[in-house]
2 protein chains.
Amino acid sequence: MPVTLTEAQKRLFTDGKNFIFLATLMKDGSPQVTPVWVDLDGDQILVNSEQKRVKTRNMRRDPRVALSVQEPGNPYRYLEVRGRVTEITADGAAAHIDKLAKKYLGQDRYPFNQPGDVRVIIRITPEAVSGM
Amino acid sequence: MPVTLTEAQKRLFTDGKNFIFLATLMKDGSPQVTPVWVDLDGDQILVNSEQKRVKTRNMRRDPRVALSVQEPGNPYRYLEVRGRVTEITADGAAAHIDKLAKKYLGQDRYPFNQPGDVRVIIRITPEAVSGM
C-alpha cells in the first residue's frame with residue numbers, strides 16, 4: 001500500500017543537494033546500493049538513470065527497492081523508505097536530467113550524456129517509511 | 001571471492017565521520033537500506049548493531065549485503081561494495097561500539113544502550129568494489 005510523506009520528510013529530498021542511497025536487486029537476488037540524485041513528485045520519489053545501467057536493468061526485472069537519505073549536516077536525522085518502482089519511462093527524461101543538473105551542479109544542461117544514452121525517469125512509490 | 005581495498009578506498013571508511021549505507025535483504029527478498037557507523041579491519045568492513053534489529057536478523061538469514069559510502073564534502077567520490085557477512089559475534093562488541101562512539105560522537109561510552117541490548121559485530125567481506 002502506498003504511504004504519504006510528511007512535509008518534513010519531503011524536505012530531506014528537496015532541500016539542499018543531498019543524494020539518496022538506492023538499493024536494487026541483482027539477478028541473483030543479492031542487493032546493490034548506489035548514491036543517486038533525487039527529485040519528488042508529490043509523495044513519489046523520482047530518480048533519473050540511463051537505461052543500460054545495472055540499477056535500471058535491476059529495477060525493470062524486480063521493482064522492489066529501498067532507499068535512505070540523511071539530512072545534510074545532521075546524519076542522525078535520516079529516512080528509510082521501502083517501496084516499489086511503478087513506472088520507468090523515457091518520456092520527459094532528458095528534460096528531467098537537465099532539471100537535476102540545475103539542482104545539483106548549477107548547470108542548465110546535464111554535462112555527462114554519452115552518444116546513444118537514453119535517460120529514463122524511475123518513479124518509486126513508497127510503501128514503508130521510518131526514521132527521523 | 002574476497003577482494004582487497006586500496007588505501008584511498010580505505011580512507012573513505014576511516015577518515016572523518018561519514019556513515020555507510022548498508023543494504024540487507026528482508027525475509028521476502030526485498031531490499032532494506034540504513035545508514036550505519038563503520039569500522040575497518042584490514043580489508044573487512046565492520047558494522048556494530050543490536051542483535052534484535054531488523055538488519056541484524058536480515059544478515060543472519062541471508063549474508064548477502066551491499067553498501068555505499070561517499071567522501072565527505074565530495075559526493076562524486078564514492079564507493080559501492082557488494083559482499084557477504086562472514087561473521088556475526090557478540091565477542092568484543094560492547095568495547096567495539098564504545099570505540100565507534102569515540103569516533104562518531106567523541107564520547108568514551110556509547111550512550112544509547114537499552115536494558116537487555118546485546119551488541120554484535122558484523123563482519124563484511126567485500127566481493128566486488130566499484131566507484132571513485
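**Figure 1. B:Thr86 in strand E6 of chain B.** B:Thr86 is part of strand E6 of chain B, here in a predicted model. B:Thr86 has 12 other C-beta atoms within 10 Å and is therefore exposed. Which residues is B:Thr86 in contact with, leaving aside its neighbours within four places in sequence? They are B:Arg123 and B:Thr125. B:Thr125 is 39 residues from B:Thr86 in sequence, yet the two C-alpha atoms are 6.4 Å apart in space.

**Figure 2. Chain A as a whole.** Chain A contains three helices and seven strands. Their order along the sequence is α-β-β-β-β-α-β-β-α-β. The C-alpha trace of chain A spans about 40 × 40 × 25 Å along its principal axes. The radius of gyration of chain A is 14 Å, which agrees with the value near 14 Å for a compact globule of 132 residues. Of the 132 residues in chain A, 36% are buried. Contacts in chain A between residues at least 6 apart in sequence include 68% that join residues at least 24 apart.

Figure 3. Chain B is superposed on chain A by a rotation of 180 degrees with 0.0 Å of shift along the axis, at an RMSD of 0.0 Å. This is the relation of a two-fold axis. The same surface serves both copies, as 100% of the contact residues of chain B recur in chain A.

**Figure 4. The side of chain B that touches chain A.** In the contact between the chains, 22 residues of chain B meet 22 residues of chain A. Which elements of chain B give two or more residues to this side? They are strand E1 (20-25), strand E2 (31-36), strand E5 (64-71) and strand E6 (74-89). E5(B) gives the largest share, six residues. Sorted by class, the side of chain B that touches chain A has twelve nonpolar, seven polar and three charged residues.

**Figure 5. A:Ala23 in the largest nonpolar core.** The largest nonpolar core has 54 residues. Those that touch the most other members are A:Ala23, A:Val33, A:Leu67, B:Ala23, B:Val33 and B:Leu67.

**Figure 6. A:Phe21 in strand E1 of chain A.** A:Phe21 lies in strand E1 (residues 20-25) of chain A. A:Phe21 counts as buried because 30 C-beta neighbours lie inside 10 Å. Not counting residues up to four places away in sequence, A:Phe21 touches A:Val33, A:Pro35, A:Leu67 and A:Ser68 in chain A, and B:Phe21, B:Val33 and B:Ser68 in chain B. A:Pro35 is 14 residues from A:Phe21 in sequence, and their C-alpha atoms are 4.3 Å apart.

**Figure 7. B:Pro35 in strand E2 of chain B.** B:Pro35 belongs to strand E2 of chain B. Is B:Pro35 buried or exposed? B:Pro35 has 20 C-beta neighbours inside 10 Å and so counts as buried. Apart from neighbours within four places in sequence, the contacts of B:Pro35 in chain A are A:Ser68, A:Gln70, A:Pro75 and A:Tyr78. In chain B, B:Pro35 is in contact with B:Phe19 and B:Phe21.

**Figure 8. The buried side of helix H2 in chain B.** Helix H2 of chain B covers residues 54-61, and B:Lys55, B:Thr56, B:Asn58 and B:Met59 in this helix are buried. These residues cover an arc of only 160 degrees around the axis, which puts them on the same side of H2(B). An α-helix has 3.6 residues a turn, so residues three or four places apart point the same way. The buried residues of H2(B) pack against E1, E2, strand E4 (44-50), E5, E6 and strand E7 (119-130) of chain B.

**Figure 9. A:Arg61 in helix H2 of chain A.** A:Arg61 is found in helix H2 (residues 54-61) of chain A. With 11 C-beta neighbours inside 10 Å, A:Arg61 counts as exposed. A:Leu25 is 36 residues from A:Arg61 along the chain, and 8.5 Å separates their C-alpha atoms.

Conventions: Residues are numbered from 1 along each chain as its sequence is written. Chains are lettered from A and ligands numbered from 1 in the order in which they are written. This is a predicted model: local features need pLDDT of at least 70, side-chain atom pairs count only at pLDDT 80 or more; totals for chains, interfaces and linings use all residues. A nonpolar core is a set of buried Ala, Val, Leu, Ile, Met, Phe, Trp, Tyr and Cys residues joined through C-beta atoms within 7 Å. Copies are superposed by least squares on the C-alpha atoms of residues with pLDDT of at least 70 in both. Two residues are in contact if their C-beta atoms, placed from the backbone, lie within 7 Å. Helices (H or I, at least four residues) and strands (E, at least two) are DSSP runs, numbered from the N terminus. The radius of gyration is taken over C-alpha atoms; the globule rule is 2.2 Å times the number of residues to the power 0.38. Ala, Val, Leu, Ile, Met, Phe, Trp, Tyr, Cys and Pro count as nonpolar, Asp, Glu, Lys and Arg as charged, and the others, Gly among them, as polar. The arc is that of the directions from the helix axis to the C-beta atoms.
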